[in-house]
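Hi,

Here is the structure you asked about. Please open it alongside this note; my findings follow below.

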Amino acid sequence: MKKIAILGMMLAVAACAESSGGFLSSLTSTDANSSVRQKMQACMLTEAQNKLQAGTLFSQGLSATADELVATCAKKLALQSVGITDENKTAAEGIINSLKNMAQ
């Protein structure tokens, strides 16, 4: 738990120090050869940056925010591992909206 807290603080400091891209953009990008650990860390950094920009990174306690980042990224990586991407989610939403419009 202590490691997650330290990681969270490092992410926040890094995000504040380099919000224009550069250093952080290299940490948030992965490829097909990246390890699961690298993908998880990149995802958590991206999610932390998104929360920082939205002003919600510090709205919960450190532990709750860390748990949320881990859960969100674990879900995303699990879905990606079985071939479900954000594109698939968007397509599913389109199908649902089409059916909803037909029913009205």
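The count is 1 disulfide, meaning a pair of cysteine sulfur atoms within 2.5 Å. Cys43 and Cys73 form the link, with an S to S distance of 2.2 Å. The link is left-handed, at -90° about the S-S bond. The pair ties together distant parts of the chain, 30 residues apart: Cys43 sits in helix α3 (residues 36-54) and Cys73 in helix α4 (residues 62-81). Helices here are DSSP runs (H or I, at least four residues), numbered from the N terminus. Both cysteines, Cys43 and Cys73, are buried (under 20% relative accessible area, 1.4 Å probe, protein chains only).

Keep the source in mind. This is a predicted model, where local features need pLDDT of at least 70, side-chain atom pairs count only at pLDDT 80 or more, and totals for chains, interfaces and linings use all residues. Residues are numbered from 1 along each chain as its sequence is written, and side-chain values use heavy atoms, leaving out hydrogens and water.

Next, the core. The largest nonpolar core has 8 residues: Met40, Cys43, Met44, Ala48, Leu57, Leu69, Cys73 and Leu77. Such a core is a set of buried Ala, Val, Leu, Ile, Met, Phe, Trp, Tyr and Cys residues joined through side-chain atoms within 4.5 Å. Helices α3 and α4 each supply at least two of its residues. The largest share, 4 residues, comes from α3.

Last, Thr65. This residue is in helix α4 and is buried, at 5% relative accessible area. Leaving aside residues up to four places away in sequence, Thr65 touches Lys51, Leu57 and Gln60 (heavy atoms within 4.5 Å).

Best wishes

Notes
Buried < 20%, exposed > 50% of the residue type's maximum accessible area, 1.4 Å probe, protein only.
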